[in-house]
Amino acid sequence: MARTLAEKILLAHTDADDVRPGDVVMVRCDLVMANDASGPVAFRQLEEMGAKEVFDPAKVVMVSDHFSPASSVRSADMLKRLKAWSESYGVTFYGQGRGGIEHTLLCEEGWIVPGSVVAGGDSHTCTYGALGAFGTGLGSTDIAACLAFGEFWQVVPGTIQVEYTGERQPFVAGKDLILAVIAEIGVAGGTNTALEFVGEGAEALSIDERLAVSNMAVEAGAETGFFPADDKISEYLAGRTSRTWEAERSDPDAEFVRQVHIDLSRLPPLIAMPHSPGNVSAVADIVGRKIDQVYIGNCANGTMTDLRQVAEIWAGQRIHNDCRAIVVPATQKIYREAMAEGLLDLFVEAGAIVSTPTCGACFGGGMGLLGPGETVIATTNRNFRGRMGSGEAEVHLANAYVAAAAALAGEIVHPGDVAR
Amino acid sequence: MIVEGRAVLVRGDNIDTDVLYPGAQLNIDEVEEMKPYLFEGLDPSLRDELGGDTVLVVDENFGAGSSREHVPLAMRAWGIRCLVGKSFARIFYRNCINLGLLVVTCPEVVDAATSGAMLSIDTETREIEVDGRRFQAHPIAPFVLEMISAGGLVAWGERRLANS
């Protein structure tokens with residue numbers, strides 16, 4: 001029987017004899033993850049359930065990233081309790097200054113392999129699709145049940161297959177590839193589906209760029225969004241993990257809910273305009289809009305690839321006087337690598353703020369919030385009203401080239417117009 | 001099961017979790033402390049309409065975005081008994097179900113309901129009554145109904161632990 005990759009992965013993780021879109025099945029997790037925002041609520045639910053231990057401490061990871069380092073006593077207390085809980089239940093814990101932003105971190109640390117199921121107390125758990133995993137975002141009560149039983153209930157999704165063909169234009173990055181999909185299917189277009197990214201254009205993407213693509217699957221309403229296992233994933237995982245995995249793909253005659261085709265040779269750099277990731281325009285159509293802040297970072301766009309793109313634009317230039325720029329490397333490892341490469345020095349010399357890894361202003365937690373009437377271009381994933389501070393601020397989403405270019409000009413420009 | 005309440009209308013498609021509950025307040029894990037922030041970025045005056053048994057009437061793709069359970073936790077604590085909408089975002093939907101908070105899809109009710117109208121939802125027949133008019137809701141998965149009648153995932157987990 002022909003099956004999609006999503007169906008194959010779920011079937012391998014359930015006791016059900018068969019899975020078809022719409023079926024409700026219990027799915028076993030290979031990994032359960034939560035953070036300082038979702039964890040403490042989950043711990044209360046777990047306690048109320050009466051569970052005294054977690055199903056398998058070796059399959060549980062807690063990460064301090066949302067409010068880390070604490071800028072309030074309340075946050076400090078949450079972070080303290082996350083650490084205490086992790087120690088008492090014997091699970092893996094990434095503390096402040098020891099890890100970074102959860103999704104980039106868990107990929108980097110070898111926790112994620114193709115075909116695995118990851119239950120994460122964070123909607124951007126779909127990022128693990130970059131490595132071919134069924135990573136899916138869940139709320140805290142779901143996470144509590146996953147901690148207790150190693151399972152969650154799941155409505156088997158249909159699949160939207162996205163095929164990228166053609167060669168990419170200059171200054172087009174992973175962010176543009178996913179914004180193009182959201183523009184095409186809409187912010188609810190992926191509801192009850194998994195996105196599957198295939199084609200020569202998908203295969204050509206580096207793992208860092210795939211992170212950017214998978215990260216925003218949830219912005220189309222999808223359960224997850226993945227790349228089938230290939231040589232790039234295999235190379236990335238070599239020396240990073242001892243977990244075993246097998247490369248699987250959707251069967252050629254599998255049924256898809258929908259097929260979307262994106263021709264990369266015709267795709268320009270894009271921007272999601274306020275206040276929706278689906279409100280997408282070509283950069284060229286909106287040049288000249290004043291920008292107060294540029295923010296480089298998040299769970300998929302604080303990678304070495306993003307930082308190198310910024311450096312390419314900023315090298316030897318100064319950030320515009322009326323604009324401020326904040327750069328947030330996603331993990332401690334990336335932070336050190338960027339330091340060793342001289343990128344952090346280049347950023348500071350250009351007049352930027354370089355932050356420790358944190359979710360920070362991406363979700364409105366801190367480290368670069370916006371005031372009323374201010375505008376930002378961020379390499380993050382959501383531009384909902386009030387997402388990065390004031391409800392009167394305007395958040396634009398774009399790739400690192402576009403964001404970096406705006407920092408030099410103090411307004412939206414095409415990166416090709418400022419790059420030397 | 002019959003669920004009843006006074007209609008509170010929340011208009012607009014794609015209402016996201018961030019306007020329903022601000023990110024800056026995610027460092028709260030005590031439910032009573034979450035209540036004052038519900039609807040903060042959307043329209044704080046909506047909180048004045050809450051109290052007693054209410055049914056939230058919403059449009060398309062309600063609850064898009066984050067997995068923050070603070071939204072349905074605060075809703076349940078305010079006395080919201082059910083959400084009736086045109087469609088729901090996936091994580092928000094399952095968060096409600098896991099908390100035993102009924103979510104029903106019925107576009108006709110959304111168009112018919114007026115602020116303060118009495119709504120009555122029968123989960124067995126899927127019949128929704130609004131000011132004497134009757135509508136039929138979309139099918140609800142049996143698993144979801146079981147979860148609701150069990151009182152949510154915590155109660156379900158409690159029973160599973162007791163039986164193991």
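Let's start with a right-handed β-α-β unit in chain A, made by strand E2, helix H2 and strand E3. This is a predicted model, so keep that in mind throughout. The helix, H2(A), covers residues 39-49.

Now the strands of that unit. E2(A) spans residues 31-35, and E3(A) spans residues 60-63. The two run parallel, joined by four bridges. To find one pairing on screen, go to Ala34(A): its bridge partner in E3(A) is Met62(A).

E2(A) has another partner. That is strand E5(A), residues 117-120. Here too the strands run parallel, with three bridges between them. Look at Leu31(A) for this one. Its bridge partner in E5(A) is Val118(A).

So how covered is E2(A)? Mostly covered: five of its five residues are buried. Take the side chains by direction. Leu31(A), Met33(A) and Asn35(A) point one way. Val32(A) and Ala34(A) point the other way. Both sets are buried. Note that Asn35(A) is on the side with Leu31(A) and Met33(A).

Next, the contact with chain B. On the chain A side, 45 residues are in contact, and they meet 34 residues of chain B. Which helices of chain A each supply at least two residues to that side? H2(A) does, along with H3(A), residues 73-89, and H5(A), residues 140-149. By class, the chain A side has 17 nonpolar, 19 polar and nine charged residues.

Back to H2(A) to finish. This helix belongs to the β-α-β unit with E2(A) and E3(A), and it also supplies residues to the side that touches chain B.

Terms used. Residues numbered from 1 in each chain as written. Chains lettered and ligands numbered in written order. Predicted model: local features only at pLDDT ≥ 70, side-chain atom pairs only at ≥ 80, totals over all residues. Buried ≥ 20, exposed ≤ 12 C-beta atoms within 10 Å, placed from the backbone. Pairing = 2+ DSSP bridges. Right-handed = clockwise from strand over helix to strand, strands pointing away. Contact = placed C-beta atoms within 7 Å. Nonpolar A, V, L, I, M, F, W, Y, C, P; charged D, E, K, R; others polar.
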